[in-house]
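Here are my notes on the model, as numbered points. Have it open while you read.

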Amino acid sequence: MKRFILTLISFFVMTVVGHNAAGKTLVVYFSATGTTARAAQRIARERDADLYEIRPAKAYTSADLDWRNARSRSSVEMNDPKARPAIALPAADVAEYEVIYLGYPIWWDMAPRVVETFIGSHDLSGKTIIPFATSGSSGIANSVSVLRKRYPGLNWQAGRLMNR
């Protein structure tokens, strides 16, 4: 019995130490209206993770987000696959993280271009990337598919819509 208890304690210690040694978790998110921010905060609490907000160098106004206006900032960016809006400093230090939850609102059935600015300006190789999104009407599948195609060298996991 004593040997069984010692084995059980050893297994528990190895499991806990192994889990902690596996690396930290970071929740990275862009939120134009606060909806994605709330989802990101919930994930960070549940996963005991750090938070990093992708903040555009120039904040989006209500007029910028008017998807019915073809000349609004968001419409112009989403119609240009090469658009990469600047991110406000400081950059995220992703080196110490093994798992990164990546959150965004769905715009035009995709991740906003500022999210791609983040991906392209950080070394995410070797990280596990778990996308999550918020949307009033669209699913997450197409946005994850587009990100996987544009950044095939990253370890993408299944995505999840967080507001349904």
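Which side chain does arginine 42 meet in a salt bridge? Point 2 has the reply.

1. Some housekeeping before that. This is a predicted model, so to speak of local features needs pLDDT of at least 70, and side-chain atom pairs count only at pLDDT 80 or more, while totals for chains, interfaces and linings use all residues. Residues are numbered from 1 along each chain as its sequence is written, and side-chain values use heavy atoms, with hydrogens and water left out.

2. Arginine 42 meets glutamate 46, at 3.7 Å from N to O. A salt bridge here is a side-chain nitrogen of Lys or Arg within 4 Å of a carboxyl oxygen of Asp or Glu. The two residues sit four apart in helix α2 (residues 35-47), about one helical turn from each other. Helices (H or I, at least four residues) and strands (E, at least two) are DSSP runs, numbered from the N terminus. Arginine 42 is partly exposed at 31% relative accessible area, and glutamate 46 is exposed at 53%. For these words, buried is under 20% relative accessible area, exposed is over 50%, and partly exposed is in between (1.4 Å probe, protein chains only).

3. Across the whole structure, the search turns up nine salt bridges. One of them joins the side chains of lysine 24 and glutamate 96, 2.8 Å from N to O. Lysine 24 belongs to strand β1 (residues 24-29) and glutamate 96 to the loop between α3 (73-78) and β3 (97-105), so this pair ties together parts 72 residues apart in sequence. Both ends are partly exposed: lysine 24 has 38% relative accessible area, and glutamate 96 has 42%.

4. Have a look at arginine 84 and glutamate 116 too, whose side chains form a salt bridge at 2.9 Å, N to O. Arginine 84 is in the loop between α3 and β3 and glutamate 116 is in helix α4 (residues 113-120), so the pair links parts 32 residues apart in sequence. Arginine 84 is partly exposed at 35%, whereas glutamate 116 is buried at 2%. Shared partners join Arg84, Arg113, Glu116 and Arg150 into one salt-bridge network.

5. Last, helix α5 (residues 141-150). Its buried residues are Ser143, Val144, Val146 and Leu147. Down the axis of α5 they fall within an arc of 160°, so they line one face of the helix; the arc is that of the directions from the helix axis to the C-beta atoms. Ala141 and Lys149, on the other side of α5, are exposed.
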